[in-house]
Amino acid sequence: RNQPGKMSSAPMHKKVLFLKGLKSSQLCNDVMSDLYTMAKPEAVKFTKKNDIHPFEGGAQSLDFLSTKNEANFWCLATHNKKRPHNLTFGRTFDSHMLDMIEFGIEKHIPSTGEFAHNKPMLCFVGLEWDTHQELKRIHNYFFDYFRGADVSQINLAGLDRMIVLSVKPPKEGKADDVSGNAPSAVGYRIFIRHYSVTMKRVSGVSFPVPALEEVGPHINLVVRRVKFAPGHIFAAACKISQQEYVETHLNKNVTRDKFGVRGTVHVTTGGKQDFTKHKKRAFRALNVARKRKRGERDEEGGEKQKRRFLPVGKSKRQRRH
């Protein structure tokens, strides 16, 4: 147990741990139940109350519970007079806290029915996801939270649900720069919507058209507090194995079959390219065929010039005399 962790390229199953604080409202419990349903089967839910305050020094207890239950993510529901209907998300790396994000629940509409627990499609709406530094980390967290386990192949028929996350800046008059140094994500609103994807027939179209139907939950959140690990720890958490790096970065568009190595070449659609000047792998069979084709062209154009071969062991000077 005291040995450091080893880099592994095997698919990782990410589990979510759901807990309750000493006091939680019915709204928090309903939202957490819907999130637990969306995270099944990779989810664990505790029913007992826990005296845990993540931002006030209670992160060590969450690290212990996450390690014990082999959960990478956790969600804590609390409620008090200062921060009513509070929901705190977090994730760990190497048994230590990596991210903590505290949200306030503004609106919730429960799910309307059951849905298959297939891998969802994710859609992030809003320019702030790519421009705001803290929202980039929140974007990374939710992407890692909802995407589920890593898989090598996906069946297109199983893409039957979509999760849409939208972001909205805080209202006018509320400053989002609470530290005075860098802009904070406090006050930003995040809207989570869950849709089912169905294929419908439309008149005049020969192929089915995808249609979205909201199945819930319908959740509106507002950012209250955030706490992120330093940049070097986050970089270590994003590090991948050498084998995975070679497969995903160095050998792009390259496959192997019984004929050898095959590659995919992407060309521009606007202009024409001369493929004869491209460097390709040389095969002996292609060279023989090319020489035969060249000989046929010479015979068609005229009589081929005869080559003179000298006897073995004699030079040109000996032949003259």
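Is Phe-103 buried or exposed, and what is its relative accessible area? Phe-103 is buried, with a relative accessible area of 0%; buried denotes under 20% relative accessible area, exposed over 50%, and partly exposed the range in between (1.4 Å probe, protein chains only). The structure is a predicted model, in which local features need pLDDT of at least 70 and side-chain atom pairs count only at pLDDT 80 or more, while totals for chains, interfaces and linings use all residues. Residues are numbered from 1 along each chain as its sequence is written, and side-chain values use heavy atoms, with hydrogens and water left out.

**Overall composition and confidence**

- The chain contains eight helices and twelve strands; helices (H or I, at least four residues) and strands (E, at least two) are DSSP runs numbered from the N terminus.
- Of the 321 residues in the chain, 31% are buried.
- Among contacts with a separation of 6 or more, 68% are between residues 24 or more positions apart, where contact means heavy atoms within 4.5 Å.
- The mean pLDDT of the chain is 79, and 74% of its residues reach 70 or more; pLDDT is the predictor's confidence in each residue, from 0 to 100.
- Over residues 175-180 pLDDT stays under 50, and for this segment the model has ten contacts beyond four places in sequence.

**Strand E1 and its partners**

- Strand E1 (residues 16-20) is largely enclosed by the rest of the structure, because four of its five residues are buried.
- E1 and E2 run parallel and are joined by four bridges; two strands pair if DSSP finds at least two bridges between them.
- Val-16 has Ala-43 in E2 as its bridge partner.
- From E1 the chain crosses through H1 to E2 in a right-handed β-α-β crossover, meaning that, with the strands pointing away from the viewer, the path from the first strand over the helix to the second runs clockwise.
- E1 also runs parallel to strand E3 (residues 73-78), to which five bridges join it.
- Leu-19 has Leu-76 in E3 as its bridge partner.

- Pro-41 is placed in the loop between helix H1 (26-39) and strand E2 (43-49).
- With 68% relative accessibility, Pro-41 counts as exposed.
- The C-alpha atoms of Pro-41 and Gly-148 are 9.9 Å apart in space, although the two residues are 107 apart in sequence.

**Aromatic pairs and a charge over a ring**

- The whole structure holds 13 aromatic pairs; rings of Phe, Tyr and Trp (its six-membered ring) pair if their centres lie within 6.5 Å, with planes under 30 degrees apart counted as stacked, over 60 as edge-to-face and the rest as tilted.
- One of these is the edge-to-face pair of Phe-89 and Tyr-145, at 6.0 Å centre to centre with 85° between the planes.
- Phe-89 belongs to strand E4 (residues 86-93) and Tyr-145 to helix H4 (residues 133-146), so their pair ties together parts that are 56 residues apart in sequence.
- Phe-89 is buried at a relative accessible area of 2%, and Tyr-145 counts as buried at 9% relative accessibility.
- Phe-103 and Phe-142 form a tilted pair, at 5.9 Å centre to centre with 40° between the planes.
- Since Phe-103 lies in strand E5 (residues 96-109) and Phe-142 in helix H4, this pair ties together parts that are 39 residues apart in sequence.
- Phe-142 is buried, its relative accessible area being 1%.
- Ring pairs link Phe-73, Phe-89, Phe-103, Tyr-141, Phe-142, Tyr-145 and Phe-146 into a cluster.
- The charged end of Arg-137 sits over the ring of Phe-234, 4.0 Å from its centre; the criterion is NZ of Lys or CZ of Arg within 6 Å of the ring centre and within 35 degrees of the ring normal.
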